[in-house]
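Welcome! Please take a look at the sequence and the 3D structure below, and then follow this short tour of them.

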Amino acid sequence: MPKAIYSEGNLDVLKRSLDAYALRQRVIAENIAQVETPGYRARSVSFEQELARALERGDQSLPQPQVLERSPLTTDNGINDVDLEQEMALLAETNLRHKVTTRILAMRYQLLRSAIRGRG
């Protein structure tokens, strides 16, 4: 996770990160729902590396999260390439990232509200 996400003044980065984590949660849920579907190809969401590159370059436009098929046959459960344990671990990690990012965004908005009201 790029450190710039949590630095000062990156409300847009925080909001885009929440969008990416929400999309990742949906994709993981779809992967889990399809665990017994023959031939289903697990998908993943790519975002953090593109965000880190954009922040290093100083790009003003933030990348959109991308849904990708995983590399062919990285996992084979006999029916398709969904690894339920991997999906659950990724879901827990994504939920934690979403929770931390939401908390930081809420704190930033609280600071803005306090500044507007003139209270420190």
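Start with helix 1, where Val-13, Leu-14, Arg-16, Ser-17, Leu-18, Ala-20, Tyr-21, Leu-23, Arg-24, Val-27, Ile-28 and Asn-31 are buried; buried means under 20% relative accessible area, exposed means over 50%, and partly exposed is in between, using a 1.4 Å probe and protein chains only. This is a predicted model, in which local features need pLDDT of at least 70, side-chain atom pairs count only at pLDDT 80 or more, and totals for chains, interfaces and linings use all residues. Residues are numbered from 1 along each chain as its sequence is written, and side-chain values use heavy atoms, with hydrogens and water left out.

**The chain as a whole**

- The chain contains three helices and two strands; helices (H or I, at least four residues) and strands (E, at least two) are DSSP runs, numbered from the N terminus.
- Read from the N terminus, the order of elements is α-β-α-β-α.
- The chain has 120 residues, and 33% of them count as buried.
- Taking contacts between residues at least 6 apart in sequence, 70% join residues at least 24 apart; contact means heavy atoms within 4.5 Å.

- Arg-24 belongs to helix 1, and it counts as buried because its relative accessible area is 8%.
- Setting aside neighbours within four places in sequence, Arg-24 is in contact with Val-45, Ser-46, Phe-47, Glu-48 and Thr-94.
- Glu-30 also sits in helix 1, but it counts as partly exposed because its relative accessibility is 35%.
- Not counting residues up to four places away in sequence, Glu-30 touches Tyr-40 and Arg-43.
- Glu-30 and Ala-42 are 12 residues apart in sequence, and their C-alpha atoms are 8.6 Å apart in space.

**Arg-43 in strand 1**

- Arg-43 is part of strand 1, and its relative accessible area of 26% is why it counts as partly exposed.
- Which residues does Arg-43 contact, leaving aside its neighbours within four places in sequence? They are Val-27, Glu-30, Asn-31, Val-67, Leu-68, Glu-69 and Arg-70.
- Arg-43 and Leu-68 are 25 residues apart along the chain, and 5.4 Å separates their C-alpha atoms.

**Helix 3**

- Helix 3 has 34 residues and reaches 49 Å from its first C-alpha to its last, close to the 50 Å expected at 1.5 Å a residue.
- Its buried residues are Glu-87, Thr-94, Arg-97, Thr-101, Ile-104, Leu-105, Arg-108 and Ser-114, and the buried residues of helix 3 pack against helix 1 and helix 2.
- Where helix 3 starts, a side-chain oxygen of Asp-83 comes to within 3.1 Å of the backbone nitrogen of Glu-85.
- After helix 3 comes Gly-118, which has a positive phi, near 85 degrees.
- Met-88 lies in helix 3 and counts as partly exposed because its relative accessible area is 43%.
- Met-88 and Ile-32 are 56 residues apart in sequence, yet 8.3 Å apart in space from C-alpha to C-alpha.

**The largest pocket**

- Rolling a probe the size of a water molecule over the atoms shows where empty space is left.
- The largest pocket holds about 240 Å³ of space; on a 1 Å grid over the protein atoms alone, a pocket is an open set of points where a 1.4 Å probe fits, with protein on both sides within 12 Å along at least five of seven lines, and lining residues have an atom within 4 Å of a point. Grid points are joined across faces, edges and corners, and the volume is the space filled by probe spheres set on the points.
- The lining of the largest pocket has 17 residues, and Arg-24, Val-45, Ser-46, Phe-47 and Glu-48 lie nearest its centre.
- Helix 1 (11-33), strand 1 (43-46), helix 2 (48-57) and helix 3 (84-117) are the elements that give two or more residues to this lining.
- By type, the lining has five nonpolar, five polar and seven charged residues; Ala, Val, Leu, Ile, Met, Phe, Trp, Tyr, Cys and Pro count as nonpolar, Asp, Glu, Lys and Arg as charged, and the others, Gly among them, as polar.

Conventions: Expected span 1.5 Å × (residues − 1). Polar contact = N/O pair within 3.5 Å; in protein donor to acceptor, adjacent residues only side chain to side chain.
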